Amino acid sequence: MPLTQADFDAVLLTLKLASLTTVLLLLIGTPIAWWLARTGSWLKQPIGAIVALPLVLPPTVIGFYLLVSMGPHGFIGQLTQSLGLGTLTFTFSGLVIGSLFYSLPFVVQPLQNAFEAIGRAPLEAAATLRANPWDAFFTVVLPLAKPGFITAAILGFAHTVGEFGVVLMIGGNIPGKTQVASVQIYNHVETLEYAQAHWLAGGMLAFSFIVLLALYSGRRVRQGW
Amino acid sequence: MTERTPRTCLALFAGLAFCASALAEEVQVAVAANFTAPLQAIARKFEKETGHNVVASFGATGQLYAQIQHGAPFEVYLAADDSTPAKLESAGLGVAGSRFTYAMGSLVLWSAKADYLDGSDAVLKQGQFQHLAIANPKAAPYGLAATQVLDKLGLRAALQSKLVEGQSITQALQFVSTGNAELGFVALSQVFKDGQLGSGSAWIVPQTLYAPINQDALLLKQGQHNPAARALLEYLQGPQAAAIITSYGYNR
């Protein structure tokens, strides 16, 4: 196998980025999805549209805005500098923030669908049994929405693994910090190292197929209940 | 330029091409990212004078090479180095003997801030910055030249942790112009206009610190019978193109 240490580092970094992003997105995405599923506010459609934006925007647009806003003259850059954190471009934290935007709809939308499918009845029943809202959320909603959480986690993880354009724009190709697998494949293709490109690209293909297969198989089993 | 014969061959072919130039043809050109601005200027003049139409695709030299290898419909290849066109020529994808150096690139250390660099390597040596942008040295000739400069100055090890790589020289420029990197090695042609620096501050790196960046052109197999392709290559060697090319900071 012609893969080098840099290739393995890139794969490890990709898995680290995707895991961290998925955990953070489940924490951030759950309240957003819950609010979107329940609210009757006029803000529901605009917020829903903003969440869905990364589905249709090319990653270069997100990457470009992040590059400018995280830079020393941008508003995120000014904020992080005033907090003594420096700027976030070319750092792993910067990639995590980019990935949060990039994969947001892939986590929020399955959760929102799951919450909407539960409807109000189980919660009203819980309320008549004197469960407080938090209690009802953890003992009623979470178990019922479990398939939604699984779908959200898998899609969020897989989509972050496949991230390329955003990383390319704000990463700076630093080994061990911002050089993820998709960028490494691009490097190999650019430098005509096709054997290494094939190994990494084949690995990504197999990984994506297995993830989607697991997702669809799980869905079929659940529908069979 | 070592070979003379290709030039005379080309001149002959171009002569034939000029006879046919009453018929406006289209020529598809693959252009190295650093030559974007000068080619656009040259194409405008060329189109006006010959009536031909130039369709240009800009990208990293290696990326364009991969595309040509896999059947991209380009007829003329303007690379940022001399080895990639040579490879295509010997692989039979280019017309034998059509290769020539159309420009010699200059490397510049550039900052978007007006008073950051003082025309010397002092700031580089002091190392009081967070990020130094370069192009990927394995894929882009200007990136390779940048690492040669750092090696020659003995600064490679000290600055390694501050290096950020753009995939092409265009992206390296982007990092610097948005202020994300305080300074970076880019092509002089990117920041030079009409014989002077467009904005920011710079140190024009002495040619002795890096191997010459010979940018070679090649007529590709697909363009063999296209008079517009031959005419464009001939035009690139002429005085009008030379004036534009040097005004962007290249040598001829």
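Trainee: Which residue is the bridge partner of Val29(B) in S3(B)?
Mentor: The partner of Val29(B) in S3(B) is Val76(B). Bear in mind that this is a predicted model, in which local features need pLDDT of at least 70 and side-chain atom pairs count only at pLDDT 80 or more, whereas totals for chains, interfaces and linings use all residues. Residues are numbered from 1 along each chain as its sequence is written, with chains lettered from A and ligands numbered from 1 in the order in which they are written.

Trainee: And in what sense do S1 and S3 of chain B pair?
Mentor: Strand S1 (residues 26-32) and strand S3 (residues 76-78) of chain B pair in the parallel sense, over three bridges; two strands pair if DSSP finds at least two bridges between them. Strands (E, at least two residues) and helices (H or I, at least four) are DSSP runs, numbered from the N terminus.

Trainee: What's the strand order in that sheet of chain B?
Mentor: The order is S2-S1-S3-S12-S4 in an open sheet of five strands with mixed pairing. S2 (53-59) and S4 (100-105) of chain B each have a single partner strand, so one side of each is left without a neighbour in the sheet.

Trainee: Switching topic, how many residues of chain A are in contact with chain B?
Mentor: On chain A there are 19, and they meet 16 residues of chain B, where contact requires C-beta atoms, placed from the backbone, within 7 Å.

Trainee: Which element gives the most to that side of chain A?
Mentor: Helix H10(A) does, with four residues; H10 (181-190) and helix H3 (59-70) of chain A are the elements that give two or more.

Methods. Two residues are in contact if their C-beta atoms, placed from the backbone, lie within 7 Å.
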